[in-house]
Amino acid sequence: MTPDVRLREVDETDLPTFFEHQRDPEANRMANFAARTREDFDRHWHAILRNGSGVVRTIESSGSVIGNVVSWAHDAERDVGYWIGREHWGRGFATAALAAFLEELPARPLYAHVAAHNLGSIRVLEKCGFERVGASSIDGVDELLFRLG
């Protein structure tokens, strides 16, 4: 059964939830991403929201903010990424949100970088049609590159 998700524009009131999600040690390990301080987090997200060149959405389910999904230009590619609060993992929210986001985002090809040990995120990408096209090691962490379209 596909979970009920809704994508909407990011509102400043979503940022405290996003901040708490990115502080989760297990999420940091899975994403191979260090949590930002509150000051760095606010600076980062306010720059994203002011920039306007990316596509940024809040993911909601049953009226609660459960994460975000984003797309941005990086080097010579257009990347996508998502972050779901750990309390919502394993229930199909990331797959449903990414699938809805891809319907909204016509740009192709799209790329996603994922830590090789993040099997859940790899599965989300595969379910949404991404194919593995490369691998690398960055600072001792194996990373996979996926492509859609």
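**Notebook: His44 and the chain around it**

I started with His44, which sits in helix 3 (residues 38-51). For helices I went by DSSP runs of H or I with at least four residues, and for strands by runs of E with at least two, numbered from the N terminus. This is a predicted model, so I note that local features need pLDDT of at least 70 and side-chain atom pairs pLDDT 80 or more, while totals for chains, interfaces and linings use all residues. Residue numbers run from 1 along each chain as its sequence is written, and side-chain values use heavy atoms, without hydrogens and water.

Next I looked up the His44 side chain and found a polar contact with the side chain of Arg36 at 3.5 Å. The term covers N or O atom pairs within 3.5 Å; within protein, one atom must be able to donate a hydrogen and the other to accept it, and residues adjacent in sequence count only if both atoms are side-chain atoms.

Then I zoomed out. I get 5 helices and 7 strands for the protein chain, in the order β-α-α-α-β-β-β-α-β-α-β-β along the sequence. The C-alpha atoms fill a box of roughly 35 × 35 × 30 Å along the principal axes. Of the 149 residues, 44% are buried.

Last entry: among contacts with a separation of 6 or more, 60% join residues 24 or more positions apart, with contact meaning heavy atoms within 4.5 Å.

Technical notes. Buried < 20%, exposed > 50% of the residue type's maximum accessible area, 1.4 Å probe, protein only.
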